Amino acid sequence: MTSSTPATPELLDLTIDNITPNTLRINAQCPSPRLRYLMERLVTHLHDFACETRLSTAEWTAAIQFLTRTGQTCTDVRQEFILLSDILGLSLLVDSINHPKPPSCTEGSVLGPFHTHDAPRMASGGAMSADPTGEPLLVLCSVRDRDGRPIPDVTVDIWETDASGHYDVQHAERGAPSERCVMRSDEEGKFWFRAITPVSYPIPTDGPVGQLLQKLGRHPWRPAHMHFMLEKPGWDHLITAVYVRGDPYEKTDAVFGVKQSLIVDLEPIDEATASQYGVDAGGKVLRQDFVLASEKDTAELRDKNATEALKNLGLNMKLVDHLPVPDLD
């Protein structure tokens, strides 16, 4: 042991009653207050879970094997761990904690496991989908602030499935990206594009997450939707989706992504709209106005929510860089 290495606390005589404080004593050497707090709560809840459920060795082994298979299933274009987080409701919970929305702002939803970073840049009016079997859809959008003022030059990442309910990365023969693009809002905060009407689809069931859903007696289906991710410095990063009203899985989404404010109606394209945008009349149009919150407003609301939640839990905490740590002063 070097002179700079802190002395490790000696372990007590280990029993079922003191393994938790022993583990916490060892981890208390961590120099980061936030990591120390995270590990303290993680270890405490894990140990409480094992004690409360009287976790068997066979169940512990099965859980280790499940997590191992989950990691082995992940690839550059498939994130099984995000899918696991989604079906456990954790993804939506974390997004809601970190990106609370002031009144009138567009709510967030889950990122999902199929976002990629290779979507092509596309100008307004372009066609996002290369699937000839999909039902054509005109998508007209705007981005504005809480006072109704347009927000120009917002980077908008958009993706959806093809007409068969598969993302492009799920096809073994995938060549160029399809059913995805990146656009920017114009000076009036507007952007528009041609896509295909979203369809319901099941999340992948060929991996450990799908097997878990089957054991839980849950279906794997997601309602028809289209993903949007909006980003501009000074504005809170928005990851969201819009869901087609009346979908049979609207109220039983396998990954808990649907919020009432995100459900939209698809309307018939009238002659005037068809002429203005150079598309055929009689198809469908999706109109969506995105309202962004500023980074400042979101940070203040997140701190307020955190302070109230910690107080209600009876915890003596303080916020450091907007994250709670024990207040030892």
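**Notebook: salt bridges, domains, sheet and surface**

I looked up Arg149 and found that this residue counts as partly exposed, because its relative accessibility is 49%; the class lies between buried (under 20% relative accessible area) and exposed (over 50%), with a 1.4 Å probe and protein chains only. I note that the model is predicted, that local features need pLDDT of at least 70 and side-chain atom pairs pLDDT 80 or more, and that totals for chains, interfaces and linings use all residues. I number residues from 1 along each chain as its sequence is written, and side-chain values use heavy atoms, with hydrogens and water left out.

**Salt bridges**

I took a salt bridge to be a side-chain nitrogen of Lys or Arg within 4 Å of a carboxyl oxygen of Asp or Glu. By this rule I recorded a count of 18. Arg149 forms a salt bridge with Asp145, and their closest N and O atoms are 2.7 Å apart. Arg149 also meets Asp147 in a salt bridge, at 3.1 Å from N to O.

**Annotated domains**

I consulted UniProt, whose positions are given in the numbering used here, with shortened feature names and annotations that may be inferred rather than shown by experiment. An unreviewed entry there assigns "domain: Catechol dioxygenase N-terminal" to residues 33-104. For secondary structure I used DSSP runs, numbered from the N terminus: helices are H or I of at least four residues, and strands are E of at least two. Over residues 33-104 I read 76% helix and 0% strand, with the end C-alpha atoms 36 Å apart. The unreviewed entry in UniProt also lists "domain: Intradiol ring-cleavage dioxygenases" for residues 129-272. Over residues 129-272 I read 8% helix and 33% strand, with the end C-alpha atoms 24 Å apart.

**Sheet**

I traced an open sheet of 4 strands in the order β4-β1-β11-β10, with mixed pairing. Its edge strands are β4 (190-196) and β10 (267-268), each of which pairs on one side only. Pairing requires at least two bridges found by DSSP between two strands. I noted that β1 (residues 136-144) and β4 run antiparallel and are joined by 7 bridges. Among these residues, Cys141 has Phe191 in β4 as its bridge partner.

**Nonpolar patch**

I located a nonpolar surface patch made of Leu35, Leu38, Met39, Leu42 and Leu46, with about 420 Å² of accessible area together. Leu35 is found in helix α2 (residues 33-53), and I classed Leu35 as partly exposed because its relative accessible area is 41%. Patches take residues with over 30% relative accessible area and no salt bridge, joining like charges within 9 Å and nonpolar side chains (Val, Leu, Ile, Met, Phe, Trp, Tyr) within 5 Å. Accessible areas come from the Shrake-Rupley method with a 1.4 Å probe, and for residues only the protein chains shown count as cover.
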